[in-house]
Amino acid sequence: MRVQRCTSCAQHYFYPRPFCPRCGSGEVEWTAVSGEARLVSYIINHRPLPPFDPGTPIIVALVELAEGPRLMTNIVGVAPDPENLELDMPLKVEFTQREGFTLPVFAPAGAVA
């Protein structure tokens with residue numbers, strides 16, 4: 001997984017843009033990140049829109065990468081039940097194909113409680 005990083009203040013950030021949102025520098029680069037994250041918040045959507053199956057709930061989540069940036073994503077590899085989703089739980093990036101492009105999604109990094 002890659003995100004942008006400012007070479008001036010050394011901070012990673014997301015969403016992509018041509019300047020650093022912290023210091024305003026235009027000296028930015030794409031860098032590989034660990035793919036490790038933690039669960040900050042989530043909602044279980046019981047009526048997802050296409051391309052998702054409307055009969056299968058999905059977990060929409062806010063995750064914080066180990067490098068600092070936060071992003072909206074989906075949690076996979078765990079049943080969509082609050083008992084399986086603990087805030088601050090460690091997550092690891094996976095990738096899924098959607099209509100001709102690849103999206104990052106996250107799965108629990110360890111055993112689910």
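The legends below describe an overall view and several close-up views of a predicted model.

Local features are reported at pLDDT of at least 70 and side-chain atom pairs only at pLDDT 80 or more, whereas totals for chains, interfaces and linings use all residues. Residues are numbered from 1 along each chain as its sequence is written, and side-chain values use heavy atoms, with hydrogens and water left out.

**Figure 1. Overall view of the protein chain.** The chain contains 0 helices and 8 strands, in the order β-β-β-β-β-β-β-β from the N terminus. Helices (H or I, at least four residues) and strands (E, at least two) are DSSP runs, numbered from the N terminus. The C-alpha atoms fill a box of roughly 45 × 30 × 20 Å along the principal axes. Of the 113 residues, 32% are buried; buried means under 20% relative accessible area, exposed over 50%, and partly exposed in between (1.4 Å probe, protein chains only). Among contacts (heavy atoms within 4.5 Å) between residues at least 6 apart in sequence, 44% join residues at least 24 apart.

**Figure 2. The annotated span, residues 30–95.** An unreviewed UniProt entry places the feature "domain: ChsH2 C-terminal OB-fold" at these residues. UniProt positions are given in the numbering used here, feature names are shortened, and annotations may be inferred rather than shown by experiment. The span is 0% helix and 50% strand, and its end C-alpha atoms lie 18 Å apart.

**Figure 3. The largest nonpolar core.** A nonpolar core is a set of buried Ala, Val, Leu, Ile, Met, Phe, Trp, Tyr and Cys residues joined through side-chain atoms within 4.5 Å. The largest one has 17 residues, and L39, V63, I75, L85, L91 and F106 have the most contacts inside it. Two or more residues each come from strand 4 (36–45), strand 5 (58–65), strand 6 (70–75) and strand 7 (90–98). Strand 5 gives the most, with 4 residues. In soluble globular proteins, nonpolar side chains tend to be buried together.

**Figure 4. Surroundings of L65.** L65 lies in strand 5 and counts as buried because its relative accessibility is 2%. Leaving out residues up to four places away in sequence, L65 touches M1, V3, E36, A37, L71 and F106. R98 is 33 residues from L65 in sequence, and their C-alpha atoms are 22 Å apart in space.

**Figure 5. Surroundings of H12.** H12 belongs to strand 2 (residues 12–13) and is buried, with a relative accessible area of 14%. The side chains of H12 and T31 make a polar contact at 3.3 Å. A polar contact is a pair of N or O atoms within 3.5 Å; within protein, one must be able to donate a hydrogen and the other to accept it, and residues adjacent in sequence count only if both atoms are side-chain atoms. Beyond four places in sequence, the contacts of H12 are V3, Q4, R5, R22, T31, V33, E67 and P69.

**Figure 6. R17 and the ring of Y15.** R17 lies over the face of Y15, at 3.9 Å from the ring centre. A charge sits over a ring if NZ of Lys or CZ of Arg is within 6 Å of the ring centre and within 35 degrees of the ring normal.

Figure 7. Most residues other than glycine have a negative phi. A10, not a glycine, has a positive phi of about 65°. A10 is in the loop between strand 1 (2–6) and strand 2 and is partly exposed, at 39% relative accessibility. D88, also not a glycine, has a positive phi of about 75° and is in the loop between strand 6 and strand 7.
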